[in-house]
Amino acid sequence: MIIAVDGPAASGKGTIAKALGRHYGLPVLDTGLLYRAVGLAVLKASGDPDHEADALAACDFDDAMLDDPALRSEAVGSLASRVSIHQSVRQALVKRQRDFATQPGGAILDGRDIATVIAPDADAKIFVTASVHVRAQRRYQDALDHGGHPDMDSLIADIQARDTRDMSRDHAPLRVADGADLLDTSNLTIDAAVQQAIALVDAQLERRRQA
Ligand code: CDP
């Protein structure tokens, strides 16, 4: 069984994907980390994230980089969003994601194009979203919890810039896939969002069984 969880920055998709993984006993891949690793590798190589050849060369990143705490920063999130517009970069990361998706027993993947490109035949598809303000507020709290000094206005600007780039790019833009259920977490606690996600997945699985 494959479950696809897509959505914009700070929508809660990562938290929901992990909780679904625990609930259904499935391994989870945060595909954003792959794009973040490419972004960080470009930075370390002093390359230009907007230059396709530099970004593609960075796809060869060392797997140890996936554990680098620097991957989680907003700055690397922006770099990830810039390298991810290149078709060759997306292509270079496809096999890894499909291999994970098709492993025996099943898997959950979260990202931007899981239900549209990586696993369009997924058994269940959820698109997690939330208002820009709520998403910026979550990033703000996150930064405070990690001892940072966040600035709300720049967080809002960053999220809006990332949304625009992710939704308007030519290759694999962020969009709600056919057959996906929308889950707006703006006014939900984490527990409530997880319960709704489980209910949506169960309903999709049931519909498939009856089809
Ligand atoms: O956690 P957050 O939603 O902020 O970001 P992420 O999921 O780690 O993804 C970082 C960036 O990578 C996104 O803004 C996308 O541009 C890109 N990405 C993508 O293009 N396709 C994916 N499947 C996952 C991430």
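**Notes on the pocket and its surroundings**

1. Let's start with Gly 14: its relative accessibility is 22%, so Gly 14 counts as partly exposed (that label sits between buried, under 20% relative accessible area, and exposed, over 50%, using a 1.4 Å probe and protein chains only). Gly 14 is in helix H1 (helices, H or I of at least four residues, and strands, E of at least two, are DSSP runs numbered from the N terminus).

2. Some ground rules before going on. This is a predicted model, where local features need pLDDT of at least 70 and side-chain atom pairs count only at pLDDT 80 or more, while totals for chains, interfaces and linings use all residues. Residues are numbered from 1 along each chain as its sequence is written, and side-chain values use heavy atoms, with hydrogens and water left out.

3. Now the whole chain. You'll find nine helices and five strands in the protein, and from the N terminus their order is β-α-β-α-α-α-α-β-α-β-α-α-β-α. The radius of gyration is 17 Å, close to the 17 Å that the globule rule gives for 211 residues, so the protein is as compact as a globular protein of that length (the radius is taken over C-alpha atoms, and the rule is 2.2 Å times the number of residues to the power 0.38). Along the principal axes, the C-alpha atoms fill a box of roughly 55 × 35 × 30 Å. Of the 211 residues, 46% are buried.

4. Next, the annotation. In an unreviewed UniProt entry, "binding site" covers Gly 7, Pro 8, Ala 9, Ala 10, Ser 11, Gly 12, Lys 13, Gly 14 and Thr 15. Among these, Pro 8, Ala 9, Ala 10, Ser 11, Gly 12, Lys 13, Gly 14 and Thr 15 belong to the lining of the largest pocket. UniProt positions here follow the numbering used in this note, feature names are shortened, and annotations may be inferred rather than shown by experiment.

5. The largest pocket holds about 1,100 Å³ of space. Its lining has 44 residues, and Ala 9, Ala 10, Lys 13, Arg 36 and Arg 139 are the closest to the centre. Helix H1 gives the largest share of that lining, five residues. By class, the lining has 13 nonpolar, 15 polar and 16 charged residues (Ala, Val, Leu, Ile, Met, Phe, Trp, Tyr, Cys and Pro are nonpolar, Asp, Glu, Lys and Arg charged, and the others, Gly among them, polar). A pocket is an open set of points on a 1 Å grid over the protein atoms alone, where a 1.4 Å probe fits, with protein on both sides within 12 Å along at least five of seven lines; lining residues have an atom within 4 Å of a point. Points are joined across faces, edges and corners, and the volume is the space filled by probe spheres set on them.

6. Ser 11 is worth a look. It sits in the loop between strand E1 (2-6) and helix H1 (13-24), and its 1% relative accessibility makes Ser 11 buried. Beyond neighbours within four places in sequence, Ser 11 contacts Val 128, Thr 129, Ala 130, Arg 135, Arg 138 and Thr 185.

7. Thr 185, in the loop between strand E5 (181-184) and H9, is buried too, at 2% relative accessibility. With neighbours within four places left aside, the contacts of Thr 185 include Ser 11, Ile 16 and Ala 193.

How values were computed
Contact = heavy atoms within 4.5 Å.
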